[in-house]
Structures are given as structure tokens and as C-alpha cells.
Amino acid sequence: MGDTDAASAAAGAAGAAEGAVGSTFGAYQSEIYLNGLDGRLPPFTTDPTALEDSARERLEPGPFRYVAGAAGSGATARANREAFDRRRIVPRMLRDATVRDLRTTVLGTEMPAPVLLAPVGVQSILHPDGELATARAATSLGVPMVLSTASSHTIEDVAGASGDGPRWYQLYWPNDDEVCVSILGRARAAGFTTLVVTLDTWTLAWRPHDLDLSYLPFIRGVGTAIPFSDPAFRAGLAKSPEEDPISAVLRWVPMFTGTDRSWDRLPFLREHWDGPIVLKGIQHPDDARRAADAGMDGIVVSNHGGRQVDGAVASLDVLPEIAEAVGDRIEVLFDSGVRTGADVLKALALGARAVLVGRPYAYGLALGGEDGVRHVLRGLLADLDLTLGLSGHRSPAEPSPDSLRYG
């Protein structure tokens, strides 16, 4: 038997054994090792901490810094990672963790693991297929994608690429009510089930890396596919975006930035969205309580990955008190700084029902399009699966604060 046949046979046997005794996500490790017998290596690194440097080598400075950069000095982005590093997992032994089940359901969405793709805009600056590639990769794994209002492709086209995959829609709230209602209606019609309303980016923060390069995709007409294709938005233009893109940009940018709303505006969203609503950007227990009191279905504890307020508190540091305040009333999700399976476990232990991952899959998109996103996600899910098992847990519901030590 040749090396190729031997590798294939070994891969099949290992896959069967893995399926019999454990979660299938961890089998990606066996697949990679066995492919090596045939001289096939992963398309790029499996180290999530090395993805950023790899993407830096692939991308032009403007697109790279737009994704990797943070507000001000970058203190908040650093704090996010430091918060994860301060908490250590305490493995437990002889816990019968051979077989693991990572499945969960959040706001009616069944998912194979407590992981969603965070809304990342203007993905075409990373790869021509942008959100279409991300949607296809997410669907292939059953992982929910949260589509950004700042998408490079239309709601309908991304839904088509997603097929039967689970999908949520993220709203940058336009200050034109007719445009907002139209966009929400399109998202619901296209099968997006949950609305994620980003609260912390009503205007852009001071972002030196973008400013130094004078790089803002929106003013170049990138990340505007959703409004430019929207009938209510187009009705307010003298000429179509195709005929006069500059005028369309000048109408859209102030429409979705520059206006901070108040809590009494939330009923407007409930009136025009009949599914679950999640507020993204919550960092204080009192805001979490107000979200619950307002009838919201969930929150995302998030500081926008450090991109909005320099010197802000790390999201992981406030997660426990927020989960304690409202976790019995609404779903508590988490993002900001998630890179590894261990990070996911730590967020779950501190009260999150699921986490949103952003920059890692964006780097995967830059490095390999659809296949790159899939590779990063499979790696993250395998890491989570194996870390859960090796630390003595059989499901995402088992980690608790007692699973961690501080310092």
C-alpha cells in the first residue's frame, strides 16, 4: 500500500474512532496529522495568535490596519487579552469527558457549539468574495453568521450564499426611520432570525492607524451594498448610486453615524422586528438591567474589540457581574478578544451562553477566502472541544467560575 493509500486508510480509521468516542470537532487535529503522512500541510497556521502577522504579510496597510487596529493607544484591545491571560483554567481529572456534546440553542437558534461569527463589515477589503465566502464557510459548519449592515454584499446575496445556514442580522441604526424599516424588512424576508443592534459605534472613535493612512472604506463606497441596494434609501437620491456614487456616500455616512439614541427609542425596533433582539456593546450591569427591563431578549457584553473607547474596561472583567445581574432574565453573549478555545471556555465559565469571534476569521478570509474562514473556524472548534474535554467538561454548560483561578 502506498503512502497516500495508507494515509487515507489511517484517516478513515481515526475518523471512525473519533466519531465513536468523542466530539467530531476535535477530529480536525487527527485529520491534519494524517494529511501530513501524504505531505499535505494546513493551508496556513493553526496558531490563532499568529494569524494577525500572517494577514499583515498578505494585505495592504490600509485594509490590514482597519481590521487589526484599535482606538487611541490600543489600551482597550490590550486589556481584553490581558483579562483572558489573568484567568487560568483548573483541569479536573477522571471526569468521564471522553464523549462531549458542544451543541446549544440560543434565542431559538440551534448551533453546533456556543460560537457565532461576529459582525465584521467591509469584508471585500480582505477578499473579493467577502461576506459571501464567510457565509458559505459558516453554513458548511452550521455556525451562525451575524451579517453587518456595513456588508460589501447585499442582504439577499449573503442570504443566498448562506443557504439553509443559521443567520442573524446586525444593525447600525440609520437615523432615517423609513430606511431602517426597509432594511429590517429585507433582513427578515431573507431569513435572518435575530436582530443584533450595535450601540457603541454611533460615531467612530479616534483611530490613529486609519487616520494616518486616511483610510475609511465607507467614503470610498465600500461596505455600502445594503443601503445602496435599498429602495427607501435610493428613493431619497436624485441619481442612483450607480450614476452618482459620491452623493450616495454623502447621504449614507451621516445617516448611520453621528446620532446617539436613548432607551425610549427601543420600542421602535420591537415594532418593526418580530424576532429576538440583542443589544451589543453592554459594559455595565445597570445598562444590562435596562435592556432586560425594556424587553430585549439578549445582550452582547462587548467593547467592540477595543475599537471605540481607549482605556475602557476589558469586556471579560465585567462579564461576571453582568451575567449575575441579568443572566436569569435574558441571554448573555460575549465578544472582544476571543482568540482560542480556552478563551471560549473562560467566557462560558464566567456566565456567557455563547461567544462571538471576529478578527480571527477575518484574517482567515484574507489568507484563504472561504477555505480560510473554514480552516480558522474548524481550528477554533477543535481547540474548544479538546480543551473542554482535557479540563474535565463534557458540555458548554459545565464550566463555572470554579473552573478558573485568577492571577
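**A buried arginine and its surroundings**

Modeller: Let's start with arginine 207, which is buried but makes no salt bridge: aspartate 210, the nearest side chain of opposite charge, sits 4.4 Å away. A salt bridge here would need a side-chain nitrogen of Lys or Arg within 4 Å of a carboxyl oxygen of Asp or Glu, so at 4.4 Å arginine 207 has none. Keep in mind that this is a predicted model.

Where does arginine 207 lie? You'll find arginine 207 in the loop that runs between β7 (195–198) and α9 (208–212). If we set aside the neighbours within four places in sequence, the contacts of arginine 207 are Tyr66, Ala70, Ala71, Thr201, Arg307 and Gln308. Another arginine, Arg307, is in that list.

Two other loop residues deserve a look while you have the structure open. Take valine 122, found in the loop between β4 (115–117) and α6 (130–141). Its phi is near 40°, a positive value in a residue that isn't glycine. Valine 122 has a relative accessible area of 1%, and buried means under 20%, so valine 122 counts as buried.

Then there's serine 336, in the loop between β10 (331–334) and α16 (341–349). Serine 336 also isn't glycine, and its phi is positive, near 100°. With a relative accessible area of 5%, serine 336 is buried.

Now step back to the protein as a whole. It has 17 helices and 12 strands. The C-alpha atoms fill a box of roughly 70 × 50 × 40 Å along the principal axes. How does the radius of gyration fit with a compact globule? For 407 residues, a compact globule would come out near 22 Å, and the protein has 21 Å, which agrees.

As for what's inside, 55% of the 407 residues count as buried. Among contacts with a separation of 6 or more, 74% are between residues 24 or more positions apart.

Technical notes
Residues are numbered from 1 along each chain as its sequence is written. This is a predicted model: local features need pLDDT of at least 70, side-chain atom pairs count only at pLDDT 80 or more; totals for chains, interfaces and linings use all residues. Side-chain values use heavy atoms; hydrogens and water are left out. Helices (H or I, at least four residues) and strands (E, at least two) are DSSP runs, numbered from the N terminus. The radius of gyration is taken over C-alpha atoms; the globule rule is 2.2 Å times the number of residues to the power 0.38. Buried means under 20% relative accessible area, exposed over 50%, partly exposed in between (1.4 Å probe, protein chains only). Contact means heavy atoms within 4.5 Å. Lys and Arg count as positive and Asp and Glu as negative; His and the chain ends are not counted.
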